[in-house]
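Hi there,

Here is the structure I promised to hand over. Have a look first, and then read on for what I found in it.

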Amino acid sequence: MLSLFGSRTAAEPEFISELRAVETEDRLRAGLAGLLEETDLEIRDTNTPTEFTAEATVVIMKVVLAVVGRDFNHLSFENRFVTGLFGFLVAHNLCRRTHADLGVVLGIAGLDLFTREEIDQIYKLGSSYRRLRQHRQMHLALREIIDEFLTHPNEETLGNLTGVYQLCLRPEA
């Protein structure tokens, strides 16, 4: 590969990329430990960055649901969809951090959140995510809030994340 000035740049060895992914995973686990303990949740041990990212995505969404006092299984269709879209945004951010395969992560996380009968929602989430990206300022604001939470997971950033999540929910009947 050529750099900006035409000289060859060395590709990062695979083991360095793997070490970075493990270091990112360790940092995220340590940062989320206190919040997970409060909600009695945990990120199970995993073997790959992709498995970790899928597991972390689902657990983070369960933390958000617990904080706002909601149960995913009792949400309306619209609110389940909003929750899935937030999960999609969290997964995208985590995949950037861990170099995990977003498609696989979304498949695994989607199966954990949605029932098999609702699996077609994962595909609809993808098209909704593309539409959300067209609303650049909203997308950037959501991405910034999620990024801040993942970088500094604490009560304040979790409050910001859950606050925005609640703003996006429709009132339940």
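Asp40 counts as exposed, because its relative accessibility is 72%, where exposed means over 50% relative accessible area, buried under 20% and partly exposed in between (1.4 Å probe, protein chains only). Asp40 sits in the loop between H1 and H2, and its phi is near 60°, a positive value in a residue other than glycine. His99 also has a positive phi, of about 60°, although it is not a glycine. You will find His99 in the loop between H3 and H4, and it is exposed at a relative accessible area of 59%.

Before going further, a word on where this comes from. The model is predicted, so local features need pLDDT of at least 70 and side-chain atom pairs count only at pLDDT 80 or more, while totals for chains, interfaces and linings use all residues. Residues are numbered from 1 along each chain as its sequence is written, and side-chain values use heavy atoms, with hydrogens and water left out.

Now the overall layout. The protein chain has seven helices and zero strands, with helices (H or I, at least four residues) and strands (E, at least two) taken as DSSP runs and numbered from the N terminus. Along the sequence the pattern reads α-α-α-α-α-α-α. Of the 173 residues of the protein chain, 41% count as buried. Among contacts with a separation of 6 or more, 65% join residues 24 or more positions apart; a contact means heavy atoms within 4.5 Å.

Which residues have the most contacts inside the largest nonpolar core? They are Ile43, Ile60, Phe86, Leu94, Phe149, Leu150 and Tyr165, in a core of 41 residues. H1, H2, H3, helix H4 (102-113), H6 and H7 are the elements that give two or more residues to this core. Here a nonpolar core is a set of buried Ala, Val, Leu, Ile, Met, Phe, Trp, Tyr and Cys residues joined through side-chain atoms within 4.5 Å. As background, nonpolar side chains tend to be buried together in soluble globular proteins.

H6 has 16 residues and reaches 22 Å from its first C-alpha to its last, close to the 22 Å expected at 1.5 Å a residue; the expected span is 1.5 Å times one less than the number of residues. The buried residues of H6 are His139, Leu142, Ile146, Phe149 and Leu150. These cover an arc of only 100° around the axis, which puts them on the same side of H6, the arc being that of the directions from the helix axis to the C-beta atoms. Arg136, Gln137 and Glu144 are exposed on the face of H6 turned away from its buried side.

H7 has 14 residues and reaches 20 Å from first C-alpha to last, close to the 20 Å expected at 1.5 Å a residue. Its buried residues are Thr157, Leu158, Leu161, Thr162, Val164 and Tyr165. Seen down the axis of H7, the buried residues fall within an arc of 160°, so they line one face of the helix. Glu156 and Leu167 are exposed on the other side of H7. What do the buried residues of H7 pack against? Their partners are helix H1 (14-38), helix H2 (49-67), helix H3 (77-98) and helix H6 (136-151). At the start of H7, a side-chain oxygen of Asn154 comes to within 3.0 Å of the backbone nitrogen of Glu156.

Asn160 also belongs to helix H7 (residues 155-168), and it counts as partly exposed because its relative accessibility is 41%. Asn160 and Phe149 are eleven residues apart in sequence and 8.1 Å apart in space, C-alpha to C-alpha.

Tyr165 is worth a click in your viewer. Leaving aside neighbours within four places in sequence, Tyr165 is in contact with Met61, Val64, Leu65, Val68, Leu75, Asn79, Val82, Thr83 and Phe86. One of these, Asn79, lies in helix H3 and is buried at 0% relative accessibility. Not counting residues up to four places away in sequence, Asn79 touches Arg70, Tyr165, Leu169, Arg170 and Glu172.

Last, the cysteines. The structure holds zero disulfides, a disulfide being a pair of cysteine sulfur atoms within 2.5 Å. Cys95 is buried, with a relative accessible area of 7%, whereas Cys168 is partly exposed at 33%.

Best wishes

Definitions and conventions. Polar contact = N/O pair within 3.5 Å; in protein donor to acceptor, adjacent residues only side chain to side chain.
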